Each structure stands twice: as C-alpha cells, then as structure tokens.
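Subject: Structure for you to look at

Hello,

Here is the structure I said I would pass on. My notes on it follow below.

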Amino acid sequence: MANVTDLQTKYSKLAQEYSKLRAQNQVLKKAVVDEQANSVSFKEQLKQRDQSLRKQEQEMDSLSFRNQQLAKRVELLQEELASKADSPSQHGLETQSVFDEDLQKKIEENERLHIQFYDADEQHRKQEAELTTRLQDLEKDSKQHQAVVDGLTTKYMETVERLQSDKARLEVKAQTLEREAKECRLRTEECQQQLRRCQSELNRQVKQSSTVIQEKVPFNDTKFGDYNSLNVPPHNRRHQLKARDVAGQALSFIQDLVAALLNFHSYTEQRVHIYPLDSSIEPISPLNQKFSQFLHENAAYVRPLEDGFLQLHQSITEDTVTVLETVVKLKSFADNFSSYTHFLQKILPYQLKSLEEECNTPLCTAALIAINQELQRDMKKVTSVFDKLQSYIKLLALPSVRQDAMPQSSTSAVFTQLAACLHSLHDAIKEMSKHYTQKASFEQELPTITQKLCTTTECLLGSLGSLTSSTGKIATFFSNNLDFFTSSGYSPRGSTVALNPLQAENMLANKKKAAAYIHAIKQDRPQSVPYREALSNRRILTSSTESREGLTQQVHQSQDKIARLEQEKEHWLLEAQLGKVRLEKENQRIADLESQLAAALGGSPNSHPAAASTLSESQEEAEKEQNAVGKETTLCTSLVGMLCTTPTVEHVGDEGSREQLIKTHYMARVGELTTQLQISDSKAVHFHSECRALAKRLAIAEKSRETLSEEVRLANQNITRLQDELTTTKRSYEDQLSMMSDHLCSMNETLSKQREEIDTLKLGSKGNSKKNKSR
C-alpha cells in the first residue's frame with residue numbers, strides 16, 4: 001500500500017509539472033504571434049520607405065536632367081556672348097545683364113536643389129540602415145523565439161511520452177508489488193507453520209537434551225575455564241581458509257624479498273672486489289676483504305627466512321585452528337629473522353667504513369662524498385628498522401611458547417606497529433635506492449670508470465629496485481589485512497580467556513580424536529553383490545586367471561629370449577673388439593712396410609718420390625702438387641701396398657719434396673683450425689645473443705608473473721568482498737523475514753483479540769436482548 005501511495009504522489013507531481021509546462025507553452029505561443037505581427041508591420045513600413053525612396057530617386061533624375069539642360073543653355077548663352085563681344089551695344093549689355101540674373105537664379109536654385117537632394121539622400125540612407133538593422137534584429141529574435149518554441153514543443157512531447165511510459169511502468173510495478181504482497185502473505189503463512197513446527201521440535205529437543213544432560217553428564221565443564229579451554233571451539237572454516245590464503249600470499253612476497261636480498265648482498269660483494277680497487281689487478285684493503293667474507297655468507301642467513309615461512313604456511317591447514325597460541329612454527333621464523341638482523345648489525349660497520357674508504361680516494365668528488373654520507377644514514381636506518389621488525393615478530397611468537405606472555409589486548413597494537421614499521425622499511429629502502437641511483441650517475445662521470453663496475457652497479461640498482469617493490473608489496477598487503485590479523489579468531493564457547501600453548505595442543509589432539517571417532521562410527525556397510533553379478537564376476541575372474549597364466553608363460557619365454565640375445569650381443573662385442581685389434585695391428589704393419597719401401601726408394605739416384613698409400617692424406621696432397629707442376633707419375637698398388645713407379649721428365653730431390661709435404665700439411669691444418677675458430681666465434685656470438693634474448697624473456701616473464709599475481713590477489717579480494725556482501729544480503733533478508741513474521745504474529749494476536757472482544761460483545765448483546773424479552 002505504501003508503494004501505491006508513493007506512485008500516486010509521483011503521478012500527481014508529474015501532472016502539476018505538465019500543467020506548468022502547458023501554461024508556459026501558451027505564453028510563448030502568444031509572444032511568437034505578437035512578434036510575427038510586428039515583423040509584418042515592419043515589413044509594410046519598409047515597403048513604404050522603399051516606395052518613397054524610389055520617388056525621390058525619380059525626382060533626382062528629373063532634377064539632374066534639368067540641370068544638364070540648364071548647363072547646355074548656359075554654354076549656348078556663353079557662346080552667343082562670345083560672338084557678340086566684338087560689337088557691344090546697350091541692348092547687348094541689357095540682354096547680358098538679364099541673362100546673368102537669370103543664370104544666377106538658376107545657379108542658386110540648382111544649389112538649393114542639390115542641397116535638398118543630398119539631405120533627402122542622407123536621410124533615406126539612415127532610415128534604410130536603421131530599418132535594415134531592425135529587420136535583422138527582428139528576424140533574429142523571430143528565429144530565437146521559433147527555436148525556443150520548437151525546443152519547448154519537443155520537450156513537451158518528450159515529457160508527455162516520458163510521463164506516459166512512467167505511468168505504464170508504475171502500473172506494472174504496482175501490479176508486481178501486489179503480486180509480491182500476495183506471495184509474501186503466502187510465504188508468511190508458510191513461515192508461521194514452519195515456526196510452529198520448529199518450536200515444537202525445539203521443545204522436544206530441549207526436553208531430550210535436558211534428560212540426557214541430567215542422566216549422562218556428571219558435571220558441566222563450561223563452568224570452569226581450564227576445562228572449557230580443552231573443548232574444541234566452533235570451527236570457522238572461512239577464517240581458516242582466509243588464514244591459509246593470507247599465509248600463501250605472504251609466502252610469495254617473502255620469496256621475492258629473499259631473492260632481492262640475496263641479489264643485493266651478492267652484487268655488493270662483487271662491487272667491493274671492483275671498487276675502489278680491482279682485486280684482479282691489486283689486492284683490496286683488509287677491511288673490504290673482511291666485508292667481502294661476511295657478505296659471502298649472506299645465503300646462510302637469508303635462505304632460512306624462506307624455509308621458516310614455508311614451514312609456517314604448511315602448518316596452516318583447513319583442519320587446524322590458527323591463532324597466535326597455536327602457530328608454533330612462527331617461533332622458528334622469528335629466530336631466523338633475528339639471526340638475519342644480527343647479520344645486518346655485524347656487517348653495518350664494515351659497510352660504513354667501506355663507504356668512507358671510497359670517499360678517501362683521490363678522484364672522489366664532493367657530490368660523491370655527500371651521496372656516500374646519505375647512503376651511510378640510509379644503511380643505519382634500514383638496519384634499525386629490521387631490528388624493530390625483529391622485536392615485533394618476537395613478540396608475536398611469544399604466545400605460542402609461554403602462557404600469558406603477551407596480553408590479548410596488546411595484540412592489535414603490536415600488529416599496527418608492525419604495519420607501520422613495514423611502511424618505514426619500504427620508505428628507507430626507497431631512499432637508499434634513490435641515493436644509489438644518484439651515486440651511479442656521478443660515478444659515470446669519473447675517468448677511471450670501467451665496464452665491469454658499470455655492469456655491477458646496474459645489477460645492484462636492479463636488485464634495489466626489486467627490493468623496493470617487494471617491501472612495498474609486503475607493507476600494502478599487511479595494511480590491507482590488518483583487520484583480519486587483529487580479529488579475535490577462535491575461542492571456546494562461553495569463555496573469553498585466550499588459549500595457552502599446552503591447552504591448544506591438547507585441544508587439537510582432542511579434535512583429531514573426535515573426528516576419527518565420528519569417521520569410524522559413520523562408516524557405511526559394504527553393499528551386497530547380486531547373485532547374477534557375482535556369477536559374471538566369477539567368469540571374468542576365471543578367464544582373467546587363464547589369460548594371466550598364458551601371459552606369464554609368454555613373459556618367461558620373452559625373458560629367456562632376451563637373455564640369449566644378451567649373450568649373443570656380448571659375443572659379437574668381443575668379436576668386434578678382436579677385429580679392431582687385428583685391424584690396428586694390420587695397419588701398423590702396413591705403415592712399417594710403407595716406411596721401409598719409402599726409405600728403399602729414396603736411396604736410388606734415378607727414383608722419384610711418390611705416394612706410398614692412398615690412406616695417407618699428406619701424400620695425396622703431394623701427388624696433386626706434382627701433377628700441377630707437370631710431373632707424370634704412375635701408381636700401381638697391391639693389397640700389401642707394393643708400389644711401382646715410372647720415370648718422370650723432371651727430377652726433384654727428396655728433401656724438397658718432404659719440405660713441401662710438411663708445409664702443405666701444416667698450411668691445411670692452419671686453414672682447418674682457422675675455419676673451426678670462425679665457426680666457434682659465430683657459435684659464441686649466437687649463444688650470447690640467445691642468452692640476452694632469454695634474459696629479456698625471463699625479465700618479461702617475471703613482470704607478467706608479478707602482474708598476474710597482483711590480478712589474482714585482486715580477484716581473491718573481490719571474491720572475498722562479494723562473499724561478504726552475499727552474506728550481508730542474506731542476513732538482511734533473514735532479518736526482514738523475521739521482522740515480517742513478528743509483525744504478522746502481532747497482527748494475528750491483535751485480530752484474535754478483536755474477534756474475542758466482538759464475540760464477547762455479541763454474547764453480551766444477546767443476553768441483554770433475552771432479558772428485555774423476558775421483561
């Protein structure tokens with residue numbers, strides 16, 4: 001009914017607006033008609049002025065014509081006067097005077113007419129300009145009024161259409177609300193019936209539970225805090241899944257932080273070996289040697305951070321109860337973080353002294369000295385912030401070790417200070433990265449800068465950038481989940497006391513026992529197999545047994561065959577080795593015979609050097625050279641390497657031939673080695689380019705991984721937010737239903753009271769009527 005009233009109110013408001021617009025439209029129409037009438041009158045006046053202008057132009061034309069006639073007459077008179085000037089007479093003088101007077105009158109009349117014509121022309125032009133301007137203004141106003149009228153007409157039509165559509169939509173909405181009201185009434189009746197059933201069921205359960213408690217429960221352990229702490233608290237699955245998810249996100253951030261710290265310490269160690277003294281050229285100072293030795297041990301302090309947090313993440317499952325009192329693995333992570341903090345405190349003096357040593361170099365400028373001093377302050381600040389973090393993490397790990405180590409009211413304050421400390425760490429590392437960037441830019445201007453130092457500095461700046469990014473992500477993540485960290489979490493029913501570690505361990509053990517007991521008593525009995533299915537299974541089993549025996553026999557046969565083949569393989573391997581030995585001996589014998597034959601041929605005076613065998617590469621090359629210079633050598637070899645030669649045209653000495661063979665052999669060898677070197681260089685360049693491309697792809701993949709992890713985190717946050725909104729909506733609907741149920745109950749009670757009063761009044765009226773009749 002309230003919705004229908006609202007609709008009626010809206011409709012009345014829309015009708016009032018429509019009547020106002022209609023009245024405004026009438027006024028605008030009247031104004032447009034008046035302006036049109038004025039425009040018509042102005043047009044008539046303009047026509048009249050045009051007619052008068054045309055008349056004046058005609059008069060001006062006639063006056064100019066008369067003026068021309070007078071001018072011609074004057075010329076004629078002047079010519080006559082000129083002709084009669086030779087014989088002057090009294091009559092001529094009189095005539096001349098008459099003509100002069102007449103001419104003077106005509107000239108004066110002409111001047112007066114000219115003045116009148118000029119004045120009339122000027123007045124006409126002014127009137128024409130004024131009327132033209134006024135006409136333009138009126139046309140402009142008419143166009144504006146027409147545009148306003150068209151706009152109002154369009155707006156009026158749109159308003160009418162919109163009102164009609166609103167009316168139709170409101171009618172549909174009213175019908176829908178009426179249907180929903182009917183459905184709500186039906187659902188209310190159903191809810192009342194369900195409420196009655198639930199009340200009766202709850203009463204029955206209360207009676208049964210009271211009976212069971214009186215008969216079975218010897219004492220109520222919820223009255224005592226120590227006993228109540230051993231009870232399994234209600235399992236909050238959403239809280240546990242949230243804790244698991246938060247721990248997983250924190251693990252990924254810790255892994256990024258560990259990787260960035262490892263790179264930072266490693267590249268710092270490389271820089272110490274390069275600047276201010278290069279260890280490959282001259283020994284570095286003892287201070288830097290000790291500093292490098294400490295930096296070389298950074299993995300032993302940084303890696304345990306990731307391992308400790310990984311164990312903490314693995315200990316948080318869906319079946320556990322995650323509060324500070326039950327997270328035992330947090331103590332090991334806190335110890336690892338403390339050891340890393342001690343490592344930073346140990347290397348801090350060496351870092352400061354190393355920067356002072358850089359400032360003492362001759363080529364260190366004033367700007368570099370100032371930047372090094374800023375870096376010293378940054379390193380002190382970073383170490384102090386890590387020390388604060390270590391203190392807060394130790395405080396959070398205390399409840400899992402000792403009872404009443406930290407009041408529960410102080411937990412939220414510790415988490416808040418930890419979040420602020422993480423933001424301070426991010427700011428300090430950002431400042432250190434900025435100062436390192438400035439230092440690198442100043443070092444680029446030094447004349448003694450090397451490529452190795454530039455590369456190491458770039459890597460160091462990259463590690464600082466990743467360290468800044470990871471600390472920023474950790475600080476933002478911790479601040480976003482601060483409400484979850486400071487929430488109460490789990491506690492036994494009816495108790496506000498926090499769990500101590502021993503009670504938490506016993507409670508988890510009891511929970512596992514209870515779950516195992518429930519699982520044991522809820523085991524389903526195995527279903528019986530039907531007779532026909534059992535027979536078919538028996539046939540399948542028998543056939544499979546027979547086939548298994550056949551397959552077993554085939555396997556044995558195959559194994560025997562494999563053994564025989566292995567023996568034959570070993571036999572042929574031995575035969576191949578023996579054949580190889582024989583071939584080597586035969587080759588050695590052939591080589592000895594060839595050397596003896598070459599020595600025998602070299603001793604005769606008429607003999608010529610020739611190739612001893614086709615298997616020798618150097619002798620083949622010598623034979624080619626002999627053919628190139630015009631020698632004629634005929635070779636005839638047998639199986640044992642016998643050689644016969646024919647005499648040649650030219651005679652060449654044995655020493656020159658041998659020297660030429662050696663030279664040719666070594667030149668060929670040098671060519672082969674050069675080719676191999678070029679191939680190796682090309683392969684090295686190719687592999688270098690591939691490595692650079694792979695490094696770029698790796699960097700792109702890391703960026704995409706960070707982007708995807710951020711998107712996944714945002715998606716998880718959206719999912720959590722939507723789940724919370726869904727829960728809130730469900731709760732609000734349930735509250736509304738309960739309120740409607742209460743309202744209907746109160747209305748039913750009111751109606752029942754009214755019916756009782758009506759019945760009472762009816763009974764009273766009947767009694768009074770009977771008494772009156774009896775009287």
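This is a predicted model: local features need pLDDT of at least 70, side-chain atom pairs count only at pLDDT 80 or more; totals for chains, interfaces and linings use all residues.

Residues are numbered from 1 along each chain as its sequence is written, and side-chain values use heavy atoms, with hydrogens and water left out.

The protein has 775 residues, of which 23% are buried (under 20% relative accessible area, 1.4 Å probe, protein chains only). Its secondary structure comes to 15 helices and zero strands (DSSP runs, numbered from the N terminus: helices are H or I of at least four residues, strands E of at least two).

The largest nonpolar core holds 66 residues (buried Ala, Val, Leu, Ile, Met, Phe, Trp, Tyr and Cys joined through side-chain atoms within 4.5 Å). Leu 330, Phe 333, Tyr 340, Leu 396 and Met 432 touch the most other members. The largest share, 14 residues, comes from α4. Leaving aside residues up to four places away in sequence, Met 432 touches Phe 264, Leu 375, Asp 378, Met 379, Val 382 and Leu 464 (contact: heavy atoms within 4.5 Å). A second, separate core has six residues, among them Ile 274, Tyr 275, Leu 368 and Leu 446.

Regards

Technical notes:
Buried means under 20% relative accessible area, exposed over 50%, partly exposed in between (1.4 Å probe, protein chains only).
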